Amino acid sequence: MNIRVHIPTAFRRFTREQPVLLCDAADLAGLLAALQEKFPELAARLRDEQGQLRRFVNVYVNEEDIRFLGGATYRFAENDEVMLLPSIAGG
C-alpha cells in the first residue's frame, strides 16, 4: 500500500529537502518508524522520549485531522495523502 507523506518546509532540512515521501506504512506507528529509519533527525522532531507523537505535531490524512479518524488506531488506505504539520506559535 502506498501513501504520500507531505513534508512541510520546516521539516524538509531533515529529509534532504524532499517535499513528498512515499511510504507503505499501515498506520501512524508504522509511518513514524519508517521515517525514523530513513531520517533519524526528523524522527527526533516528531517523537518524544517515550516514542509518542509530539504534542506540537499535527497529522492530517486527506485533509482530516487524524485525531478525528481514530488517532493511532487509524489504518491508512491506498493512496492516502498524509501531511505532517508542526504547530507554530507566535505573536
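This is a predicted model: local features need pLDDT of at least 70, side-chain atom pairs count only at pLDDT 80 or more; totals for chains, interfaces and linings use all residues.
Residues are numbered from 1 along each chain as its sequence is written, and side-chain values use heavy atoms, with hydrogens and water left out.

The secondary structure comprises three helices and five strands (DSSP runs numbered from the N terminus, helices being H or I of at least four residues and strands E of at least two), and from the N terminus the elements follow the order β-α-β-α-α-β-β-β. The five strands form an open sheet of mixed pairing in the order 2-1-5-3-4, where two strands pair if DSSP finds at least two bridges between them. Strand 2 (20-23) and strand 4 (64-65) are the edge strands, each pairing on one side only. Strand 3 and strand 5 (residues 81-86) run antiparallel and are joined by five bridges, and Val-57 has Pro-86 of strand 5 as its bridge partner.

The largest pocket holds about 310 Å³ of space (on a 1 Å grid over the protein atoms alone, a pocket is an open set of points where a 1.4 Å probe fits, with protein on both sides within 12 Å along at least five of seven lines, and lining residues have an atom within 4 Å of a point; the volume is the space filled by probe spheres set on the points, which are joined across faces, edges and corners). Of its 17 lining residues, Leu-28, Gln-52, Leu-53, Gly-71 and Ala-72 are the closest to the centre. Helix 2 (28-38) and strand 3 (57-61) each supply at least two residues of this lining.
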